[in-house]
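Please look over the structure shown here together with its sequence before reading the report.

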Amino acid sequence: MSANMDETVSVGYEAWADALRSDRILGVSCSDCGATYGTPISVCHDCGSRNLESVDLPTEGTLYSVTRVEVPPTGFEGPYHVGIVQVGAARVTARIETDADDAPPEIDDSVVFSGVMETDDGLPAPVFTTETS
């Protein structure tokens, strides 16, 4: 196994999931082109390089996109919001929580990483909460 493949393993899913459980958001940055991602990858989507390294992403960001799930899948209670959060140069898909049902989250709202939810299978997902002014 080459050094680059060893490095790829260190930024894989388990490292990303462990970071979430430790209140960190782990991203991946391409050492060749500088692209940054908010989820584990093994090949840069921009240039195809495997020369990747893990980076800590900010825990504050803005909502890039958001939707309300009215009919949740089995095992989830709804309705709830899911969004894409811009954190630094990366985007992270996350559950979005608000303080009040009468103020749903909107695109460009400021959000902060507030924890992790886990499925019955133990798979973590980041949770962001809208910041109230």
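This is a predicted model: local features need pLDDT of at least 70, side-chain atom pairs count only at pLDDT 80 or more; totals for chains, interfaces and linings use all residues.

Residues are numbered from 1 along each chain as its sequence is written, and side-chain values use heavy atoms, with hydrogens and water left out.

**Salt bridges**

Side chains of opposite charge can pair when their charged atoms come close. A salt bridge is counted here when a side-chain nitrogen of Lys or Arg lies within 4 Å of a carboxyl oxygen of Asp or Glu, and the count by this rule comes to four. The table lists some of these pairs.

| Pair | Closest N to O distance |
|---|---|
| Arg21 and Glu118 | 2.9 Å |
| Arg68 and Glu70 | 2.4 Å |

Asp18, Arg21 and Glu118 are linked in a network of salt bridges. Helices (H or I, at least four residues) and strands (E, at least two) are DSSP runs, numbered from the N terminus. Within helix α2 (residues 13-21), Arg21 and Asp18 are three residues apart, and therefore about one helical turn separates them. Arg21 also forms a salt bridge with Glu118; because Glu118 lies in strand β7 (residues 110-118) and Arg21 in helix α2, this pair ties together parts that are 97 residues apart in sequence.

As to exposure, buried means under 20% relative accessible area, exposed means over 50%, and partly exposed lies in between (1.4 Å probe, protein chains only). By these cut-offs Arg21 is partly exposed at 38%, Asp18 is partly exposed at 43%, and Glu118 is partly exposed at 40%. Arg68, the partner of Glu70, is likewise partly exposed, with a relative accessible area of 41%.

**Strand β1**

Six of the six residues of strand β1 (residues 25-30) are buried, so the strand is largely enclosed by the rest of the structure. Ile25, Gly27 and Ser29 point one way from β1, whereas Leu26, Val28 and Cys30 point the other way.

Two strands pair if DSSP finds at least two bridges between them. β1 pairs with strand β3 (residues 52-57) in the antiparallel sense over six bridges, and two bridges join β1 to strand β2 (residues 36-37), again running antiparallel. Ser29 has a bridge partner in each of these strands, namely Glu53 in β3 and Thr36 in β2. β1 and β2 form a hairpin with five residues between them, and Gly34 in the turn has a positive phi of about 85°.

**The largest pocket**

On a 1 Å grid over the protein atoms alone, probed at 1.4 Å, a pocket is an open set of points with protein on both sides within 12 Å along at least five of seven lines, and its lining residues have an atom within 4 Å of a point. The largest pocket holds about 170 Å³ of space, a volume being the space filled by probe spheres set on the points. Its lining has 13 residues, with Phe76, Val82, Arg95, Met117 and Ala125 lying nearest the centre. β5 (80-87), β6 (90-97) and β8 (124-130) each supply at least two residues of this lining.

**Glu106**

Glu106 lies in the loop between β6 and β7. The C-alpha atoms of Glu106 and Tyr64 are separated by 8.8 Å, although these residues are 42 residues apart along the chain. Leaving aside neighbours within four places in sequence, Glu106 is in contact (heavy atoms within 4.5 Å) with Leu63 and Val66.
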